[in-house]
Amino acid sequence: MSIELGNNFYSDDAAHLAQIIDHINAGIWEFNINTKDVKWSDGFYTILGYKPGEIECSYNFFLENLIYHHDRPLFLKAINGRNGDNVATVQIRLLTKSAGYQWFESTTRKWEDKGVAKFTGSFININTAKIASLRSAQNDFFFTETSVIAKLSGFEIDVASMKIDLSKEAFDIYELNDQSKLSIEEAVSFFEPQYRPLLNEAIDNAIKFCKPFDMELLFRTARNNVTWVRTKGIPIIDDYAQCIKVRGIFQDVDGIKRKGLALQSAVNQLNDQNKRLQNFAYIVSHNLRSHTGNLRFMVNLFEESDSEDERTEVFAHIKSISNSLTTTIEHLNEIVKIHTEIDQEKQTLEFEEVFKMVMGALQSNIESTSAKIEYDFSKCPVISYIPAYLESILQNLLTNALKYRHPDRRPEVMVRTVKDHNHVYMTFEDNGVGIDLERYGDKVFGMYKTFHQNSDAKGIGLFITRNQVESLGGSIKVDSTVNVGTKFTIRLV
């Protein structure tokens, strides 16, 4: 007998049988092993609350969207298993359109049609009878399922009471001696503030929409120890297709997580170093080639010159090129020193002492511009840093503040430090001519990048400053407004 499901349902005598099946709260299906084609009867759609063709008719859609995940292995075993007459019957839960999960009895038969292996089966809605039989027996699978789900610890959230049960190992992670029940709010409060909304949302989605979750979050124990934990949960539904519990694992993954973060940090640092190396190689090849080309040209002119006056003029150009080449090499040496000095031992330095030394070196510049220099290091007076780096950073920033002062007002500079958790920040603010960040924002810290018509501008100070800061794991950013001033915010450590 040939069976066509869906719109072209059955043929011959089977049509009458199909009409009967479609009206007894049952449906049938067919699966072709070779072509993977699936056909559903109109009754199949009807028992799930759909119209024919309203949902995708496919094997994968059935497994991923219709059958309850706990029942999937049972159904697959029934299809693949064999008994004497190749018939298997199991009870499974399917997701209906408007009534949630309901119980169905599935009967499957394997047969051959012209040498092609096929499966046919039927689904009959047995929800009412199944629920009636299950009400008399309530089994607690908490400990048995936790042993399967969790390798280190387990938890169970009871939706009705919004309490959470934790295994002994979970209490060990919490570092709690009292193993009484916790509310959801109490359990979530141990997570760091920035992660609490994410966890609350995940729990809500599990309860309301039966969505599982798997997250790695930062956690603070009862003894104030901060650690990374992994929490993974799946919703458990009752016979009425309502989520009654959320079960899962709770695992300390601090060691693995921190190694991953350290590896990512190392990769990022390596990428930054590669970019600086490429920039350095470009500068060396471009600038030195330019100098040597000009020098070679002038030497040729010198050799071809006939008069003494011409030779004197050409030699003056040669001296100028030589001086410029010397300056370039000095700048390149400054960059190289950043990476050679990074291995120097850090020392505990007082900001005020180092800054006063820098101001002393620039005293003539400060007096000639009548600059007002203020500082406040009270919130973070000391730092462990390489002395040459801190002195260089302060000197470059103060030199720029004086060099790019506003012509119509007295220059003012304010330097502050502050400590935030384990990080030390320094702000360096002036009221100078400012920088047009919309135009030059991506070039501020580039080598030989200048933004003002100033004959003293070399475009090397901020490049060196950024490299010094970043080589020790810090960062630097700039905020500036033209004709108002510039503020540098530096995370030193």
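Guide: In this predicted model, the lining of the second largest cavity has 10 nonpolar residues, one polar residue and no charged ones. The residues concerned are Trp-29, Phe-31, Val-38, Trp-40, Phe-44, Ser-58, Tyr-59, Phe-62, Phe-75, Ile-79 and Phe-123, and the space that they line has a volume of about 100 Å³. Strand 1, strand 2, helix 3 and helix 4 each supply at least two residues of this lining, and the two strands among these contributors belong to an open sheet, in which five strands follow the order 2-1-5-4-3 with antiparallel pairing. At the edges of that sheet lie strand 2 (38-40) and strand 3 (87-96), each of which pairs on one side only, while the twist from one strand to the next averages 25°.

The two helices that contribute to the lining also meet the sheet. Helix 3 (residues 59-66) packs on the sheet and touches strand 1 (26-32), strand 2, strand 3, strand 4 and strand 5 (116-125), its direction making about 65° with that of strand 3. Helix 4 (residues 72-80), for its part, lies across strand 1, strand 3, strand 4 and strand 5, and runs at about 145° to strand 3. Strand 3, to which both of these angles refer, pairs with strand 4 (residues 100-113) in the antiparallel sense over 10 bridges, and within this pairing Gln-91 has Glu-105 in strand 4 as its bridge partner.

The largest cavity holds about 140 Å³ of space and is lined by 14 residues, of which Phe-155, Ile-164, Leu-199, Ile-203 and Thr-231 lie nearest its centre. Its lining draws on other elements of the chain, with at least two residues supplied by each of strand 6 (154-158), strand 7 (163-166), helix 8 (184-188) and helix 9 (196-209); the largest share, three residues, comes from helix 8. By class, the lining of the largest cavity has 13 nonpolar residues, one polar residue and no charged residues, and the lining of the second largest cavity likewise has one polar residue and no charged ones.

Definitions and conventions
Residues numbered from 1 in each chain as written. Predicted model: local features only at pLDDT ≥ 70, side-chain atom pairs only at ≥ 80, totals over all residues. Heavy atoms only, no water. Pairing = 2+ DSSP bridges. Helix = DSSP H or I, 4+ residues; strand = E, 2+ residues; numbered from the N terminus. Axes fitted to C-alpha atoms, helices over the stretch in contact; angles between N-to-C directions. Contact = heavy atoms within 4.5 Å. 1 Å grid on protein atoms, 1.4 Å probe; cavity = no way out; pocket = protein on both sides within 12 Å on 5 of 7 lines; lining within 4 Å. Points joined across faces, edges and corners; volume = space filled by probe spheres on them. Nonpolar A, V, L, I, M, F, W, Y, C, P; charged D, E, K, R; others polar.
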